[in-house]
Amino acid sequence: MERRVVITAASAITPIGHTREEIVAGLENGVSGVKKLREDVELAEFIHSQVFGTVDYDIDFDFKRKYRKTMGPVAYYACQVAKEVIEKTGLKSEFITSGRLGVAFGSIHGSPTVQRGIYRCFSSGSSREFAAIGAVDYLKSMVHTTAVNITKMFGITGRVISSSTACTTSSQSIGFGYETVKYGLQDAMLCGGADEYDTATVAVFDNLLACSTDFNDTPHLTPRPFDVRRDGLVVGEGAGAVMLEEYEFARKRGADILAEVIGFACNNNGGDMILPNARGVSAAIRIGIDNAGISPDEVDFICAHATATKMGDVVEAQAIDRIYGDNPYVSGLKSYMGHTMAACGAIEMVLTLYMMQDGFIAPTLNLDEIDKRCAMVRHVTGLLEKNIRIATIQNFAFGGVNTTLFIKKFE
Amino acid sequence: MTRQEIQDKILKIFSEEFEIENPDLDDDLRDVHEFDSIDAIELLGEIEKLLDSQLTQDEKKQAMGIRTINQICDYVESMASVHLNPA
């Protein structure tokens with residue numbers, strides 16, 4: 001039995017804003033959320049990339065201590081967007097706690113801020129410091145900390161999925177949540193991902209020569225997906241969440257339906273852990289199109305992974321060209337906020353929903369001169385009025401994981 | 001430390017660290033104030049700070065059956081006699 005799956009609420013915390021209005025204004029006005037990297041006594045002087053997609057505004061986290069005590073910064077983000085999504089759906093607590101609602105939520109590695117504190121204790125050589133490792137430090141830093149802090153806060157008793165596949169973490173959350181509802185295992189799934197401010201992640205990508213370093217004095221000019229002057233990704237922070245519900249359930253309760261999820265694909269390149277692979281990405285697109293039951297020419301908009309690495313953007317453009325040609329519009333939304341890691345798929349889904357609802361496509365920021373090797377697809381270089389009927393969100397991760405999600409305007 | 005000093009300090013810890021204000025001294029902390037096993041471990045850390053001394057694993061295990069503020073004060077009194085006034 002295959003059931004239709006719809007999105008009934010969405011929320012995001014991003015470097016360009018938190019509310020829907022702020023985020024849409026950021027997209028329409030070409031606002032960059034990339035800022036100077038904060039000082040970090042342990043790492044910063046060694047990091048070549050000095051930019052970060054930063055959430056630098058206050059968020060009014062109104063959580064009781066019994067919930068706060070097991071949260072690191074990443075779980076604060078996750079629980080905040082989860083709370084907003086649940087409030088927007090108007091789902092009753094009887095349903096939320098019934099076992100019919102599950103959670104699919106992840107981060108790339110729990111809370112690195114808390115983990116650093118643990119490692120400091122370990123390496124101190126002091127038994128007093130060792131004893132200072134908190135009772136809740138593991139609960140704050142474990143990989144599924146976002147998912148289970150959400151279940152705790154809302155008394156959710158359904159299944160828990162906590163993918164942690166780097167940049168495909170939250171696209172997997174949404175995809176696996178979609179399949180869970182589609183095949184009748186749950187009637188609704190709260191899906192998303194989050195990651196907190198973390199210079200260690202910057203250091204890792206920096207050492208892999210994957211980070212942007214040429215724009216340290218002009219952070220807003222990077223990242224530059226598909227542009228000839230792109231020089232790598234910019235790490236960012238944030239969170240995104242959507243509520244997926246079985247269509248009949250949502251319809252009967254009079255839910256506000258934002259869009260329908262019509263397809264998902266996940267595959268692996270089956271080889272290199274880092275280098276992108278056009279064959280693997282093309283296959284992920286093809287599988288997703290087949291899963292959605294559409295033809296490539298029905299897709300209006302591609303929200304590209306587009307991290308602004310030298311090779312990644314070329315490979316993605318090649319794969320898009322191979323499957324879609326130059327018909328669908330293509331934008332890389334990381335150009336506004338950097339690569340929010342585990343959150344990126346969910347944030348890009350939320351932003352795509354906003355654009356689908358408001359009838360526009362935001363251009364790829366900083367795309368001043370398109371790299372010839374990426375020029376075969378239909379880039380959006382200026383704000384575009386466009387009724388998006390079908391959109392796809394593409395994400396690719398270290399380890400060779402590829403995902404594609406397909407959503408359709410609800411009419 | 002006198003019993004009253006211990007009680008005052010424990011109540012201060014409950015207020016500042018656990019956001020539990022003026023609990024009855026014989027309240028079952030789990031039932032009435034949702035004080036759970038995580039909180040109990042955190043409380044032991046606070047008691048170590050209070051005593052300026054590390055509790056042994058066995059001493060910590062002795063605390064696991066404690067349910068009330070009065071029992072916590074009994075425990076701290078007992079630990080203080082060992083850690084603050086060693087024979």
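Q: Is A:Arg373 buried, partly exposed or exposed, and what is its relative accessible area?
A: The general idea is a pair of cut-offs: buried is under 20% relative accessible area, exposed is over 50%, and partly exposed is in between (1.4 Å probe, protein chains only). Here A:Arg373 is partly exposed, at 44%. A word on the source: this is a predicted model, in which local features need pLDDT of at least 70 and side-chain atom pairs count only at pLDDT 80 or more, while totals for chains, interfaces and linings use all residues. Residues are numbered from 1 along each chain as its sequence is written, chains are lettered from A and ligands numbered from 1 in the order in which they are written, and side-chain values use heavy atoms, leaving out hydrogens and water.

Q: Which residue does A:Asp371 meet in a salt bridge?
A: A salt bridge is a side-chain nitrogen of Lys or Arg within 4 Å of a carboxyl oxygen of Asp or Glu. The partner of A:Asp371 is A:Arg373, at 3.0 Å from N to O. A:Asp371 is buried, with a relative accessible area of 7%. Elsewhere, salt bridges with shared partners join A:Arg65, A:Lys69, B:Asp36 and B:Asp39 into one network.

Q: How many salt bridges are found over all chains?
A: The search of the whole structure gives 26. One of them links A:Asp358 and A:Arg20, with the closest N and O atoms 2.9 Å apart. A:Asp358 is in helix H15 (residues 344-358) of chain A and A:Arg20 in helix H1 (residues 20-29) of chain A, so this pair ties together parts 338 residues apart in sequence. For reading such labels, helices (H or I, at least four residues) and strands (E, at least two) are DSSP runs numbered from the N terminus.

Q: Where is B:Ser53 placed, and which side chain does it contact?
A: A polar contact is a pair of N or O atoms within 3.5 Å; within protein, one must be able to donate a hydrogen and the other to accept it, and residues adjacent in sequence count only if both atoms are side-chain atoms. B:Ser53 sits in the loop between helix H3 (37-51) and helix H4 (57-62) of chain B. Its side chain makes a polar contact of 2.7 Å with that of B:His83. B:Ser53 is also buried, at 17% relative accessible area.
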